[in-house]
Amino acid sequence: MFGAALLAACANQGDPPGGPPDVAPPAIVTVRPESGAVVADWKDDAVIQFDEVIDEMGVSSGTGAGITGLAKQVILSPVHGDVSVSWGRTRIRVKPKEGWKPGRVYHLELLPGIVDLRRNILKKGQLVVFSTGPAIPNRILTGNAIQWVEQRSMFGALIEAVPLPDSVGYLTVADSAGRFHLDALPPGRYVVYATADQNNNRRRDRREAYDSAAVTLDSIAGVALFAFVHDTVGPRVRTGTVVDSNTVRLEFSQALGVPLDTAHVRVLQLPDSTPVTIVNALTPPQYDSVTAAARKAKPDSARHDTTPAARAPAPARADTTAAPADTSELHRLLAQRPVPYDKAVLRFASALKPETRYVIRVSGAVNLNGASGDGQVVVLTPKPPEPVKADTAHRAPRTPP
């Protein structure tokens, strides 16, 4: 009985009786090598020491299949291959599988999210920079990662700054607003990537959205990256929907890089393949603007009020409902590029025949990375609504009993 009670007491990691609850997150006490150190002959693990026991966060893995556990909280770069991350109660040990390379400046970044045994979370990360040869550089790269098609910031984007002509770069992740910041970079020419790292393996995979840009880093440089899925197969028309007798909406398999050109669209009435004249091809916002203007220009058929009160002009009133202009950084950056759409609206010179099939052929539709594709779709116009019949039957008035 006494042994069971002792084991239970040892297993209890809570606060001592009567003491105040521990709500402080774990704090970093020391890091080896220290940030800013030049350690040409470093052979040991890099060690991050905390002031208390931290949670192991499950089984850590730095493999290319997807980084899990404690390894998700640590980024070491530039490294070719996997990184070993191990837990030691109050410390984290880090080492590249390839070993420390001479003449390299290393970035060891601890991301927010480390927790202690009472689930207190470390909400601020830390960057440690040390060298195995050259002096610590002081160039800075900043920027924004944006999901171009979705028109929003790319939270948690994997950022790579690869110095040319190397193939291994410095890594970090974008914050909740898509912003990123890389300190202590050597000067030179870089290719900078922003990737939506969906499988969390810290690599650019084939179906993941990304963007890249070349940057010359002399002192401080900034770059905006508009990520999208790069596809070598061009967009194809996927569906066609009849909006009204003069309008059909097309949906494509990918967002279009350039507006749809009517010269690349043919519409044929079946079964005799009679050509149909297309007036224009519009983006969804353009179509909405055209239809709104048409509704506004349509004369009001309602009876006009001719009373003196109606004829008197209404007093002028200041418009206080207008929303303030969006001056956010994201809005400013999005305004630099057109909005991609995977839909287009075709408007015809004359009404389509009801209950008739039409084939729509699109050639040379171009996606965001310049690949073109062809395709076709068949639409069926609906049956016209039946006219409402007027009730002309005469009913004799009901005679009261």
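**Ground rules**

I'm working from a prediction, so I kept local features to pLDDT of at least 70 and side-chain atom pairs to pLDDT 80 or more, while totals for chains, interfaces and linings use all residues. Residues count from 1 along each chain as its sequence is written, and side-chain values use heavy atoms, with hydrogens and water left out.

**Sheet**

I looked up an open sheet of 4 strands and read its order as β11-β10-β13-β14, with antiparallel pairing. For the labels, strands (E, at least two residues) and helices (H or I, at least four) are DSSP runs numbered from the N terminus. Two strands pair if DSSP finds at least two bridges between them.

Which strands stand at the edges? They are β11 (170-173) and β14 (210-217); each has a single partner strand, so one side of each lacks a neighbour in the sheet. From one strand to the next, I get an average twist of 20° (axes are lines fitted to C-alpha atoms, for helices over the stretch in contact; angles run from 0 to 180 degrees between N-to-C directions).

I then checked β10 (residues 158-163): its antiparallel pairing with β11 runs over 4 bridges. L158 sits opposite V173 in β11.

**Salt bridges**

My search of the whole structure gave 11 salt bridges, each a Lys or Arg side-chain nitrogen within 4 Å of an Asp or Glu carboxyl oxygen.

I looked at D22 with R118 and found 3.6 Å between the closest N and O atoms. D22 is in the loop between α1 (2-11) and β1 (28-32), and R118 in the loop between β6 (105-110) and β7 (126-131), so this pair ties together parts 96 residues apart in sequence. Buried or exposed? Partly exposed in both cases, with relative accessible area of 26% for D22 and 31% for R118 (buried is under 20%, exposed over 50%, partly exposed in between; 1.4 Å probe, protein chains only).

R179 and E329 came next, at 4.0 Å from N to O. R179 lies in strand β12 (residues 179-185) and E329 in helix α4 (residues 329-334), so the pair links parts 150 residues apart in sequence. I have R179 as partly exposed at 41% and E329 as partly exposed at 34%.

I also noted K343 with D342, at 3.3 Å from N to O. K343 is partly exposed at 30%, and D342 is partly exposed at 26%.
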